[in-house]
Structures are given as C-alpha cells and as structure tokens.
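I opened this notebook to record what I looked up in a single model, entry by entry. The overall build comes before the individual residues.

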Amino acid sequence: MELTNEVELKAHLIQTDPDFRALSDEHTTYDRQLMALEEKEHLTDDELLEEVRLKKLKLHAKDQMRLIMAKHHAAVG
C-alpha cells in the first residue's frame, strides 16, 4: 500500500470507524505521555516502568489499527 493511500485510509477510518478512532486516540495519548517522559533528564524507577508500559500499550494500539486497516483493505481491494 502506498503511503498516500495509507494516510487516506487512516483518515477515512478515523471518520467512519469508532473502534479505529478510539485506537487512534489511545495511540496519540500514549505518544504524548511518552514524549513528556522523554523530556525529563532522569527518570525514576517508576517512570522507567511507566515508559515500558506506555510503549507496550502504544504498540498494541498500533497493531490493532493495522489489523483494522488490513481487513478494510482486503474487503475493498
């Protein structure tokens, strides 16, 4: 799938699929939280654990989004 088509598909699914939109929102939230942690010079042990947890949650959301995109692409294409 070309990048433009992928961007267009994501935009379409955000508009039309509530599950995809929720996953996209979660992914964005996790990304913002990770960026806030990355801005700190030193992380506490709890913050390091939180960083790992957020990375896993962000990846899971992305994987779920990819599955929805693949299903949509297969159904259309």
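Entry 1, terms. I call a residue buried when its relative accessible area is under 20% and exposed when that area is over 50%, with partly exposed in between. The model under study is predicted.

I looked up the secondary structure and found three helices and zero strands in the protein chain. From the N terminus on, the elements run α-α-α. I then examined the dimensions. Along the principal axes, the C-alpha atoms fill a box of roughly 50 × 20 × 20 Å. The radius of gyration is 15 Å, whereas a compact globule of 77 residues would have one near 11 Å. Of the 77 residues, 23% count as buried. I also looked up the contacts with a separation of 6 or more, and residues 24 or more positions apart account for 60% of them.

Which residues make up the largest nonpolar core? I listed eight: Leu9, Leu13, Phe20, Leu23, Ala61, Met65, Ile68 and Met69. The elements that give two or more residues to this core are helix 1 (3–16), helix 2 (18–38) and helix 3 (45–76). Helix 3 supplies the largest share, four residues. I note the general background that nonpolar side chains tend to be buried together in soluble globular proteins.

I compared the length of helix 3 with expectation: at 1.5 Å a residue, its 32 residues should span 46 Å, and the end C-alpha atoms are 47 Å apart, which agrees. Its buried residues are Glu47, Glu51, Leu54, Ala61, Met65, Ile68 and Met69.

I selected Met69, which lies in helix 3. Its relative accessible area is 5%, so Met69 is buried. Not counting residues up to four places away in sequence, Met69 touches Glu6, Leu9, Lys10, Leu13 and Phe20.

Glu6, one of the residues touched by Met69, lies in helix 1. Is Glu6 buried or exposed? At 15% relative accessibility, under the 20% limit, Glu6 counts as buried. I looked for a polar partner and found that a contact of 2.9 Å joins the side chains of Glu6 and Arg66.

I repeated the length comparison here: at 1.5 Å a residue, the 21 residues of helix 2 should span 30 Å, and the end C-alpha atoms are 30 Å apart, which agrees. The buried residues of helix 2 are Phe20, Leu23, Ser24, His27, Tyr30, Leu34 and Leu37. Why do they lie on the same side of helix 2? They cover an arc of only 145° around the axis, which puts them there. The general rule behind such patterns is that an α-helix has 3.6 residues a turn, so residues three or four places apart point the same way. On the face of helix 2 turned away from the buried side, I found the exposed residues Pro18 and Arg32. At the start of helix 2, a side-chain oxygen of Asp17 reaches to within 2.9 Å of the backbone nitrogen of Asp19.

Arg32 is exposed, with a relative accessible area of 57%, whereas Leu34 is buried, with 5%. I noted that Arg32 and Leu54 are 22 residues apart in sequence and 10.0 Å apart in space, C-alpha to C-alpha. For Leu34 and Ala61, the corresponding values are 27 residues and 14 Å. Which residues does Leu34 touch, not counting residues up to four places away in sequence? I found Glu51, Leu54, Lys55 and Lys58.

Glu51 has its place in helix 3 and is buried, with a relative accessible area of 15%. Leaving aside neighbours within four places in sequence, Glu51 is in contact with Leu34, Leu37, Glu38 and Leu43.

Key: Residues are numbered from 1 along each chain as its sequence is written. This is a predicted model: local features need pLDDT of at least 70, side-chain atom pairs count only at pLDDT 80 or more; totals for chains, interfaces and linings use all residues. Side-chain values use heavy atoms; hydrogens and water are left out. A nonpolar core is a set of buried Ala, Val, Leu, Ile, Met, Phe, Trp, Tyr and Cys residues joined through side-chain atoms within 4.5 Å. Buried means under 20% relative accessible area, exposed over 50%, partly exposed in between (1.4 Å probe, protein chains only). The expected span of a helix is 1.5 Å times one less than its number of residues. A polar contact is a pair of N or O atoms within 3.5 Å; within protein, one must be able to donate a hydrogen and the other to accept it, and residues adjacent in sequence count only if both atoms are side-chain atoms. The arc is that of the directions from the helix axis to the C-beta atoms. The radius of gyration is taken over C-alpha atoms; the globule rule is 2.2 Å times the number of residues to the power 0.38. Contact means heavy atoms within 4.5 Å.
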